[in-house]
Amino acid sequence: MLSGTLRCYSFPMENNFTRRHALLAAAAAPAAALAGTPPGDRPRSLAKPSKITGVEVLLLEKPLKERFWMSNAPIGGMHPKASRLILKVHTDAGITGYGEGNGGAADLFRKGFADLFLGEDPFMVGRIWEKMFAVTYTRELVQKGWSRPGVIAAMAPVDAALYDVMSKACGLPLFQFLGAYRNTVPVYVTGGYYREGKGIPELVSEIRGYVDQGFNAIKLKVGGISGGYSVEDDYQRVKAVREAVGPQIKLMLDANNGWDLATTIQASNKMYGLDITWLEEPLHWYDDVEALKRVKINTRIPLASGEQEMTRWGARRLMETDAIDVLQFDCHAHAGITEWRKLAGMAAMSHIRVAPHHEPQVHGHLLASVPNGYILESFANPDRDPFWFEIYDRKPRIEKSVLYLDDTPGQGIEFNAAALKQYGTKIL
Ligand SMILES: [Mg+2]
């Protein structure tokens with residue numbers, strides 16, 4: 001019986017199935033079909049890479065049409081622009097990997113940062129990560145003329161590109177390569193910025209537009225005291241939105257370090273009746289961790305923070321305050337997927353859910369790979385986040401507040417060549 005069953009599934013090289021057919025089948029379904037295939041018969045593009053042979057780096061920049069103000073600063077500066085770094089890693093097997101990061105890391109790649117990983121085995125990502133991180137605590141930092149935040153920023157696209165290579169080499173989408181937990185992820189949209197010349201009617205109209213697009217979770221900006229918005233002003237803005245969208249829509253508030261401790265406690269209690277899903281980064285930058293515990297004791301709204309943390313040690317301190325309910329560590333801005341995964345584990349042990357800052361195209365895979373993944377941030381306004389709308393020919397689909405991941409190997413993104421040409425400056 002057993003041998004008969006096995007015969008049904010044996011590799012049918014006899015009859016009309018030629019070696020060429022086998023190679024084509026292998027190309028279509030690499031992970032399964034390559035099992036038992038001699039290495040010499042494998043298409044070159046599907047061989048396991050063992051060496052990073054080259055790197056290309058592109059800096060994308062595009063001016064924004066207007067200032068989208070957070071509490072104390074506009075997105076992209078007073079002369080606002082979107083910027084992004086795109087890294088393409090080449091390997092000896094012909095597999096290429098893409099990683100995205102902050103435009104601020106471009107300077108390091110002009111000053112030799114790629115020397116740290118060229119020639120390395122992309123599957124040794126743990127070692128490569130430590131090699132890059134070690135620069136932050138050695139003489140090499142000043143000798144190269146790099147900055148510590150610059151290194152942390154530059155690590156992110158390198159690490160992501162290596163995960164793209166590894167998962168493509170295995171023929172798996174990134175979220176499955178990491179150990180999938182699910183293939184869809186909830187998504188919210190961030191809007192409700194302070195916009196010059198626009199008041200509550202325009203705010204309500206904007207938010208209604210997101211609901212009309214199918215979003216069921218929306219984050220608004222508050223905390224704009226330094227821009228002339230009192231707590232009462234913010235309360236009226238949020239109340240108008242709550243009344244416009246009804247009770248079924250999740251509302252989050254992001255104060256972007258706009259308040260002191262007393263104002264945070266006052267504001268959070270005032271907003272509580274508006275059914276707020278979380279309050280994000282309420283406290284001024286100089287004491288935004290220890291004092292958060294005081295907020296926690298005095299508010300009933302869940303607290304979120306962590307988008308500015310550069311390492312797991314900073315985020316550990318944040319979690320150890322026992323003040324946050326939601327960790328927002330950003331693998332695109334800081335230290336990459338390797339660091340994010342470690343933090344997701346610590347967050348799980350601390351009963352904290354993860355809701356990373358920005359960049360659903362990569363964070364979607366990460367949230368789908370951990371049980372404590374909460375919700376993804378996205379932007380639905382092409383004026384606020386033009387690159388999400390312009391630079392991809394393929395990306396994970398967001399529909400009605402859900403991101404869908406498919407079986408495309410790697411991160412599942414393809415860039416639009418015309419957009420990269422239009423906005424890109426070649427760094428390497
Ligand atoms: Mg934020």
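This is a predicted model: local features need pLDDT of at least 70, side-chain atom pairs count only at pLDDT 80 or more; totals for chains, interfaces and linings use all residues.
Biologist: What makes T53 buried, exposed or partly exposed?

Modeller: T53, which is found in strand β1 (residues 52-63), has 14 C-beta neighbours inside 10 Å. Buried would need 20 or more and exposed would need 12 or fewer, so T53 with its 14 counts as partly exposed. Its contacts, not counting residues up to four places away in sequence, are with H90, T91 and D92, and the C-alpha atoms of T53 and V89, 36 residues apart along the chain, are separated by 7.7 Å.

Biologist: How do you know how α7 is oriented relative to α14, parallel or perpendicular?

Modeller: The axes of helix α7 (residues 148-169) and helix α14 (residues 336-349) come within 6 Å and cross at roughly 90°. Angles of 65 to 115 degrees count as roughly perpendicular, and therefore α7 is roughly perpendicular to α14. On the α7 side of this contact are M155, A156, V158, D159, A160 and Y163, which meet G336, I337 and T338 in α14. By residue class, this contact holds 6 nonpolar, 2 polar and 1 charged.

Biologist: Why are the buried residues of α5 said to line one face of the helix?

Modeller: The buried residues of helix α5 (residues 125-134) are V125, I128, W129 and M132. Looking down the axis of α5, these buried residues fall within an arc of 100°, so they line one face of the helix. The face turned away from that buried side carries the exposed residues G126, R127 and E130, whereas the cover over the buried residues of α5 includes α7 and α14.

Biologist: What makes you place the buried residues of α9 on the same side of that helix?

Modeller: In α9, the buried residues are L203, I207 and Y210. They cover an arc of only 50° around the axis, and therefore they lie on the same side of α9. These residues pack against β5 (184-190), β7 (217-221) and α10 (231-245), while P201, E202, S205 and D212 are exposed on the other side of α9.

Biologist: How do you know that the length of α9 is close to what is expected?

Modeller: Helix α9 (residues 200-212) has 13 residues and reaches 18 Å from its first C-alpha to its last. The expected span is 1.5 Å times one less than the number of residues, and for α9 that gives 18 Å, to which the computed reach is close. The helix is followed by G214, whose phi is positive, near 105°.

Biologist: What puts the buried residues of α11 on the same side of the helix?

Modeller: Helix α11 (residues 261-271) has T264, A267, S268 and M271 as its buried residues. Around the axis they cover an arc of only 100°, which means that they are on the same side of α11. Among the elements covering them are α10, β8 (250-254), β9 (276-280) and α12 (290-298).

Biologist: What makes E359 buried or exposed?

Modeller: E359 has 24 C-beta neighbours inside 10 Å; as 20 or more are needed for the label, E359 counts as buried. The residue lies in the loop between β12 (353-354) and α15 (360-367), and has a positive phi of about 55° although it is not a glycine.

Terms used:
Residues are numbered from 1 along each chain as its sequence is written. Axes are lines fitted to C-alpha atoms, for helices over the stretch in contact, and angles run from 0 to 180 degrees between N-to-C directions. Helices (H or I, at least four residues) and strands (E, at least two) are DSSP runs, numbered from the N terminus. Angles under 35 degrees count as roughly parallel, over 145 as roughly antiparallel, 65 to 115 as roughly perpendicular and the rest as oblique. Two residues are in contact if their C-beta atoms, placed from the backbone, lie within 7 Å. Ala, Val, Leu, Ile, Met, Phe, Trp, Tyr, Cys and Pro count as nonpolar, Asp, Glu, Lys and Arg as charged, and the others, Gly among them, as polar. The arc is that of the directions from the helix axis to the C-beta atoms.
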